[in-house]
Amino acid sequence: MKSISRDEILSTADVIVVKVGTNVLTLGNGLLNEERIAVLTEDLAAQIKQKKKIILVSSGAVAAGVGRLGLKKRPTCLAQLQSVAALGQGKLIETYERFLSSQNVLAAQVLLTADDLSHRTRYLNARNTIYALLDYACLPIINENDTVSIEELHTTFGDNDRLASLVANLFETPLLILLTDVDGLYSGDPAKPDSQLIPLVERWSSDLMKMAVEKQSGRSKGGMSSKLKAAKMITESGGNVIIANGDRPDTLKNIFAAKETGTLFLAKKGYIPARKRWFGFAGKSEGHVVLDDGASEAIRNKGKSLLPIGITDAGGSFQKGEIVSLLNRQGKEIARGLSNYSIKEVLLIRGKKTSELASILGQQGYAEVVHRDNLQLTD
């Protein structure tokens with residue numbers, strides 16, 4: 001079967017999300033690289049003028065703050081990190097606004113935390129806001145809200161790679177472009193001469209994670225492994241991903257011209273509804289259930305619902321209607337879904353036949369603990 005071309009991917013994407021990392025945006029001293037930002041905004045503005053829906057997910061607030069204060073390295077104290085982010089965020093958005101204004105494009109700052117996208121109502125509010133900004137032909141510039149969040153600077157999205165994938169997952173057929181400081185995914189360490197750039201990944205494989213070689217940096221938090229995780233999330237949901245070198249000034253121009261640039265990860269066939277994308281990838285799991293081998297096989301490979309008889313244990317504090325992780329016997333998450341029962345009820349009915357539920361619970365309950373319609377595979 002012929003693979004979809006880059007031209008087709010660009011023409012069919014309902015949104016293009018561009019994520020740019022700290023190392024791309026900043027100089028060695030931590031100050032913003034305004035020359036690079038000028039090229040970036042010019043390329044994005046050109047696409048917006050062609051009626052493309054573009055979203056920018058930008059790192060760099062903490063690094064910009066470090067540069068403004070003249071610090072030699074990134075602080076480790078949470079309060080200092082938040083203060084540095086506040087200083088840097090103002091500089092970051094001002095720089096984007098200045099260059100975009102010269103292109104007659106409006107910039108809109110959107111600050112998010114992990115909790116914003118794990119909470120269903122706030123998730124929908126964020127989605128509606130971004131949709132409206134795109135309708136106005138603005139450029140939403142999204143960053144993690146480091147200045148007010150308590151956990152995000154330590155328990156983070158991953159230098160905004162995960163944030164970018166969650167934002168892209170708000171749309172049906174996104175193209176996610178992850179700009180970093182290497183040319184793409186290599187077969188080994190990019191610094192070694194025998195390592196080769198992989199231009200195309202047609203199907204996800206766990207072996208890809210073994211190719212991730214992390215570069216040490218005091219300015220950024222992400223790495224190739226976090227980008228591969230983001231790529232897996234998007235391709236599993238029906239979107240395409242390109243990882244490319246943002247240090248090269250012509251990278252975005254080449255991508256938008258459908259030239260072979262970076263590593264392209266093709267979408268998995270099939271469509272996942274937005275609701276399933278939320279509880280499968282963005283929503284916070286409130287607990288877990290452990291499955292026996294038969295239930296794991298039925299859910300992963302046979303498209304079945306989770307029945308009480310296939311559950312061996314459960315943990316957490318989930319209530320009816322909340323997200324639970326489905327773990328195999330080895331403790332690895334294979335899926336997520338919305339539970340028809342509380343943890344208290346699950347512990348009562350685990351391992352039981354459906355015909356026994358009424359006598360155990362005192363009333364006729366659901367046949368399924370998690371129905372297939374409310375379940376999303378994650379592995």
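Me: Where does Asn104 lie?
Reply: Asn104 is in the loop between helix H5 (78-101) and strand S3 (107-112). Helices (H or I, at least four residues) and strands (E, at least two) are DSSP runs, numbered from the N terminus. This is a predicted model in which local features need pLDDT of at least 70 and side-chain atom pairs count only at pLDDT 80 or more, while totals for chains, interfaces and linings use all residues. Residues are numbered from 1 along each chain as its sequence is written, and side-chain values use heavy atoms, with hydrogens and water left out.

Me: Why is Asn104 called exposed?
Reply: Buried means under 20% relative accessible area, exposed over 50%, and partly exposed in between (1.4 Å probe, protein chains only). Asn104 has 71%, so it counts as exposed.

Me: What makes the phi of Asn104 worth a look?
Reply: Its phi is positive, about 60°, although Asn104 is not a glycine.

Me: And why is Lys51 called exposed?
Reply: Lys51 has 75% relative accessibility, so it is exposed as well. Lys51 sits in the loop between helix H3 (34-49) and strand S2 (54-58), and its phi is positive too, near 75°.

Me: What makes S3 and S6 edge strands?
Reply: Two strands pair if DSSP finds at least two bridges between them. The open sheet of eight strands has mixed pairing and runs S3-S4-S2-S1-S5-S7-S8-S6. S3 and strand S6 (200-201) each pair on one side only.

Me: How do you know that S3 pairs with S4?
Reply: Six bridges join S3 to strand S4 (residues 139-144), and the two run parallel. Among the bridge partners, Ala108 has Pro140 in S4.
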